[in-house]
Amino acid sequence: MAEIVAPARPQTKKKTERPPLWKVILLNDDFTPRGFVTKVLMSVFRMTEGEAETVMLAAHLKGACVVAVYTREVAETKAKMGNDAGARLGYPLTFTTEKDT
Ligand code: TYC
């Protein structure tokens, strides 16, 4: 008896692609006051005071620290907000962005 086989349905459901993520990195410097770095981390990156102090101290002691990861545009916008906040007061506070692996 001939079997009736339903044709394979084409794959219609697309896999949901996740956007690539970018790290925001805080660089240490010798001039920006610790308290100011902490305040910027709290306001731009929505950290608690404790979280911000931990990240600030890590950058201070190690030279640099990953602050957070976001989509590229958010990472670049937040890095610029942090850099601009420092620059307004003449501090060399620097956030950079880098593609997450
Ligand atoms: N090193 C600075 C100081 O001693 C404080 C500081 C910490 C600056 C972290 C930048 O990313 C930084 N005043």
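A residue counts as near a molecule if one of its heavy atoms lies within 4 Å of it. With that in mind, welcome to this predicted model, where we will look at a ligand and the parts of the protein around it. The ligand is surrounded by Leu26, Leu27, Asn28, Asp29, Thr32, Arg34, Val37, Met56, Ala59 and His60.

**Around the ligand**

- Start with leucine 27: one of its backbone N or O atoms lies 2.8 Å from an oxygen atom of the ligand.
- Threonine 32 also takes part through its backbone, where a polar atom is 2.9 Å from a nitrogen atom of the ligand.
- Histidine 60 uses its side chain instead, placing a polar atom 2.9 Å from a nitrogen atom of the ligand.
- How much of the ligand does the protein bury? Taken alone, the ligand exposes 340 Å², and the protein buries 88% of that.
- Three elements, E1, H1 and H2, each give two or more residues to the shell around the ligand.
- The largest share comes from H2, which supplies three residues of that shell.

**A closer look at threonine 32**

- You can find threonine 32 in the loop between E1 and H1.
- Is threonine 32 buried or exposed? Its relative accessible area is 11%, and buried means under 20%, so threonine 32 is buried.
- The side chain of threonine 32 reaches the backbone nitrogen of leucine 93 at 3.5 Å.
- Leaving aside neighbours within four places in sequence, threonine 32 is in contact with Val37, Tyr91, Pro92 and Leu93.

**Helix H2**

- Helix H2 covers residues 49-62, which makes 14 residues. From first C-alpha to last it reaches 20 Å, close to the 20 Å expected at 1.5 Å a residue.
- Its buried residues are Ala52, Val55, Met56, Ala58 and Ala59.
- Why do these residues line one face of H2? Look down the helix axis: the buried residues fall within an arc of 155°, so they share one face.
- Here is a handy rule: an α-helix has 3.6 residues a turn, so residues three or four places apart point the same way.
- The buried residues of H2 pack against strand E1 (21-27), helix H1 (34-45) and strand E2 (64-71).
- On the other side of H2, the exposed residues are Thr54, Leu61 and Lys62.
- Lysine 62 has a relative accessible area of 66%, and exposed means over 50%, so lysine 62 is exposed.
- Lysine 62 and asparagine 28 are 34 residues apart along the chain, with their C-alpha atoms separated by 8.0 Å.
- Following H2 comes glycine 63, which has a positive phi near 100°.

**Helix H3**

- Helix H3 spans residues 72-88 and has 17 residues.
- Which residues of H3 are buried? They are Ala75, Lys78, Ala79, Gly82, Ala85 and Gly86.
- Seen down the axis of H3, these buried residues fall within an arc of 125°, so they line one face of the helix.
- The buried residues of H3 pack against E1, H1, E2 and strand E3 (94-99).
- Turned away from the buried side, the opposite face of H3 carries the exposed residues Glu73, Lys80, Ala87 and Arg88.
- Glycine 90 follows H3, and its phi is positive, near 80°.

Conventions. Residues are numbered from 1 along each chain as its sequence is written. This is a predicted model: local features need pLDDT of at least 70, side-chain atom pairs count only at pLDDT 80 or more; totals for chains, interfaces and linings use all residues. Side-chain values use heavy atoms; hydrogens and water are left out. Helices (H or I, at least four residues) and strands (E, at least two) are DSSP runs, numbered from the N terminus. The expected span of a helix is 1.5 Å times one less than its number of residues. Buried means under 20% relative accessible area, exposed over 50%, partly exposed in between (1.4 Å probe, protein chains only). The arc is that of the directions from the helix axis to the C-beta atoms. Contact means heavy atoms within 4.5 Å. A polar contact is a pair of N or O atoms within 3.5 Å; within protein, one must be able to donate a hydrogen and the other to accept it, and residues adjacent in sequence count only if both atoms are side-chain atoms. Accessible areas come from the Shrake-Rupley method with a 1.4 Å probe; for residues, only the protein chains shown count as cover.
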